[in-house]
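Subject: Structure handover

Hi,

Here is the structure I promised to pass on to you. Please open it first, and then read my notes on the helix packing, the cores and a couple of backbone details below.

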Amino acid sequence: MPPAMTTTEVTYEKLANLDDDGELQHVPSSTVNYKLRATANWVKKPFKQRSFWERLATLDLASDKCYVVQPQNPNPPPNLNVWRERLWLIITIAPALLIQALWYYIIPETSYFHTWHPIFAFVFYHLAFVAFTICLIKHLTYYMDVYGTFDEHNRPRDYVPDKYVPRLLISVLIYTLARTGGGLILGGYNRHACPSLGHTISWLFPVKIGLWLISLDFFFYSYHRAVHTFPFLWKYHSKHHSTKHPTPLQSILADDIQEIIEIFLIPLLASLVMPLSAHEFWIAQCILMYIEGMGHSGVRAFWTHPLIGEVLRPFGMDLTIEDHDLHHRYGKSGQNYGKQTRIFDRIFNTISERVEGIEK
């Protein structure tokens, strides 16, 4: 049985760490004030007594230990093998493309059913995106169980609040529908062209998608910093910050205006800078979802972007899980506004120093 919700208020101050020689390694930049935890009585119900939406939200639950305070881990976060994550992404992203390619290869060109009508392609890729999202959530909660989560010695992960459960699941549906349809439209889906390297998918697709993600991060950074800076805009983003210790599914918790900007407008702007084909967009949106979920999982590991992290790391511009986890802890005061990279946080000096994930 999951533990009861706590309603205590805690103030957490990051203390300076000293190495063996007494050298100062990190100076705190701010304090984090923990507010009352929102009510989440749905997790106490037996599964059979949960509503339809609550049963779906169960997918987001890690083991019970992730929701109670843990002893402080004296060891640095382990480095997660980025090649293992790349392999996981290939295994989960490629099947949808392979199925369509095999269909076009097996079904004769003279057959009426040889090509996929845009509506059929939309339904197929949407279902594939939902399947990818479910696999991703289970993948992330597995690592939450194995490695624990950042700041777990002060406060554990937050459950999805009762009042947001239906809204959150509807937002996930809107997100997957919009991103699938948007990818087909922006990518100029051609029913007569099946997925193939060198044709509908460039041999340089990792570079193209990497540039698309950086372009997206620029527009996201600009919008994200604005909503944290101007009080009249904060009201459209504050719902997303109702948790200081989120879980993967809560990455999509947002106000209506925020959903329109993040789901529709920002990908559109990024696509104007770096156009992608429909099949490249499928790969990009899966990686985008992966980073969104990863950044909100709080997994206590040095886990960087699988596509562009190693390129940006020498410049101190790579993004890890702790960066966005700290962003949520700081609330309105912000810092770490990028969600794919730290390029623009580094350029505009809005980076927050890492607390647990400090490399020595």
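Axes here are lines fitted to C-alpha atoms, for helices over the stretch in contact, and angles run from 0 to 180 degrees between N-to-C directions. Helices are DSSP runs of H or I with at least four residues, strands are runs of E with at least two, and both are numbered from the N terminus.

On the α4 side, the contact (heavy atoms within 4.5 Å) includes Arg-167, Ile-174 and Arg-179, and on the α7 side it includes Asp-256, Glu-259, Glu-262 and Phe-264. By class, the residues of this contact divide into 8 nonpolar, 2 polar and 5 charged. In this scheme Ala, Val, Leu, Ile, Met, Phe, Trp, Tyr, Cys and Pro are nonpolar, Asp, Glu, Lys and Arg are charged, and the others, Gly among them, are polar.

A note on provenance: this is a predicted model, in which local features need pLDDT of at least 70 and side-chain atom pairs count only at pLDDT 80 or more, while totals for chains, interfaces and linings use all residues. Residues are numbered from 1 along each chain as its sequence is written, and side-chain values use heavy atoms, with hydrogens and water left out.

α4 (residues 165-186) also packs against α3 (residues 118-147), at an angle of about 135° and with the axes 9 Å apart. That angle is why α3 and α4 are classed as oblique to each other. This crossing, too, is right-handed. Among the residues in contact are Phe-122, Tyr-125 and Phe-129 of α3 and Leu-173, Tyr-175 and Leu-177 of α4. The contact has 10 nonpolar, 5 polar and 1 charged residues.

Zooming out, the protein chain has 11 helices and 4 strands. Of its 360 residues, 53% are buried (under 20% relative accessible area with a 1.4 Å probe, protein chains only; exposed is over 50%, partly exposed in between). Among contacts between residues at least 6 apart in sequence, 77% join residues at least 24 apart.

The largest nonpolar core has 71 residues, and Phe-132, Trp-212, Trp-282, Tyr-290 and Trp-303 have the most contacts inside it. Such a core is a set of buried Ala, Val, Leu, Ile, Met, Phe, Trp, Tyr and Cys residues joined through side-chain atoms within 4.5 Å. α8 gives the most to this core, with 12 residues. Leaving aside residues up to four places away in sequence, Trp-282 touches Ile-93, Ala-96, Leu-97, Tyr-125, Ala-128 and Phe-129. A second, separate core of 7 residues includes Tyr-221, Ile-308, Tyr-337 and Phe-344.

Finally, the backbone: most residues other than glycine have a negative phi. Asp-151, in the loop between α3 and α4, has a positive phi near 65°, and its 0% relative accessibility makes it buried. Asn-349, in the segment after α11 (343-347), has a positive phi of about 60°, but at 69% relative accessibility Asn-349 counts as exposed.

Terms used:
Angles under 35 degrees count as roughly parallel, over 145 as roughly antiparallel, 65 to 115 as roughly perpendicular and the rest as oblique. A crossing is left-handed if the near helix is turned anticlockwise from the far one by less than a right angle, and right-handed if clockwise.
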